[in-house]
Amino acid sequence: IINSILEDTHGNLWIGTYRGLYRITGDSVELFTREKGLAYDLVLSLFEDHENNLWIGTDGGGLNRLKDGKFSTYSEINGIYYDDIYCIFEDSKNRIWIGTAGGGINYIEDDKIYGYTTANGLPDNNVFSVSEDEHGTIWIGTMQGVCLIKNGSISIPKHDIVSKNAS
């Protein structure tokens, strides 16, 4: 099963699967698994940041970053709220946002991990998508609807998009 596909700035094609992470360069194919440093073989999401680092969200192994050919891991052990990573996004302040399956949303800023859950006002702890608008507001798609983070505060938009309260 193919969960995610990304073409990086160097023209490599990355494919996240249940068996690991494939890199296709021209005619060559390389598989990255636990044996090669990936935290977990089931890859759900991929993202390339402004420094050309590849971020890999796994189902059970947290978040991996491939930088200069080496994997590093962010997981529950070092502060991620949950190790199943549905989505990854970089905002205009170069923070890496991580949507999790049950742990809300985390972000990495200056190599420190912060986050929001239903305890802070998220409508649901299953986060499937993250984006940013032209005003710097972070939009978060959850199982129970959309919410916004602006200046560190969570709010629900007036239009109540696809939430349990929408009609």
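The model is predicted: local features need pLDDT of at least 70, side-chain atom pairs count only at pLDDT 80 or more, and totals for chains, interfaces and linings use all residues. Residues are numbered from 1 along each chain as its sequence is written, and side-chain values use heavy atoms, with hydrogens and water left out. The structure contains zero disulfides and seven aromatic pairs.

**Sheet**

- Four strands form an open sheet in the order S5-S6-S7-S8, with antiparallel pairing; strands are DSSP runs (E, at least two residues) numbered from the N terminus, and two of them pair if DSSP finds at least two bridges between them.
- Strands S5 (43-48) and S8 (70-74) are at the edges with a single partner strand each, so one side of each has no neighbour in the sheet.
- On average, neighbouring strands of this sheet are turned by 25° against each other, direction ignored.
- Four bridges join S6 (residues 54-58) to S7 (residues 63-67) in the antiparallel sense, and Ile56 stands opposite Asn64 in S7.

- Cys87 is in no disulfide (a pair of cysteine sulfur atoms within 2.5 Å); the nearest cysteine sulfur belongs to Cys147, 11 Å away.
- Cys87 counts as buried at 10% relative accessibility, and Cys147 counts as buried at 0%. Buried means under 20% relative accessible area, exposed over 50%, and partly exposed in between (1.4 Å probe, protein chains only).

**Ser75**

- Ser75 is found in the loop between S8 and strand S9 (85-90) and is buried, with a relative accessible area of 9%.
- Leaving aside neighbours within four places in sequence, Ser75 is in contact (heavy atoms within 4.5 Å) with Gly61, Gly62, Ile80 and Asp83.

**Aromatic rings**

- Rings of Phe, Tyr and Trp (its six-membered ring) pair if their centres lie within 6.5 Å; planes under 30 degrees apart count as stacked, over 60 as edge-to-face and the rest as tilted.
- Trp55 and Tyr74 form a tilted pair, 5.7 Å centre to centre with 35° between the planes; Trp55 lies in strand S6 and Tyr74 in strand S8, 19 residues apart. Both residues are buried.
- The ring centres of Tyr86 and Phe128 are 4.6 Å apart and their planes are at 15°, so this pair is stacked. Tyr86 is partly exposed at 32% relative accessibility, as is Phe128 at 39%.
- One aromatic cluster is formed by Trp97, Tyr107, Tyr114 and Tyr116.

Note on methods:
Axes fitted to C-alpha atoms, helices over the stretch in contact; angles between N-to-C directions.
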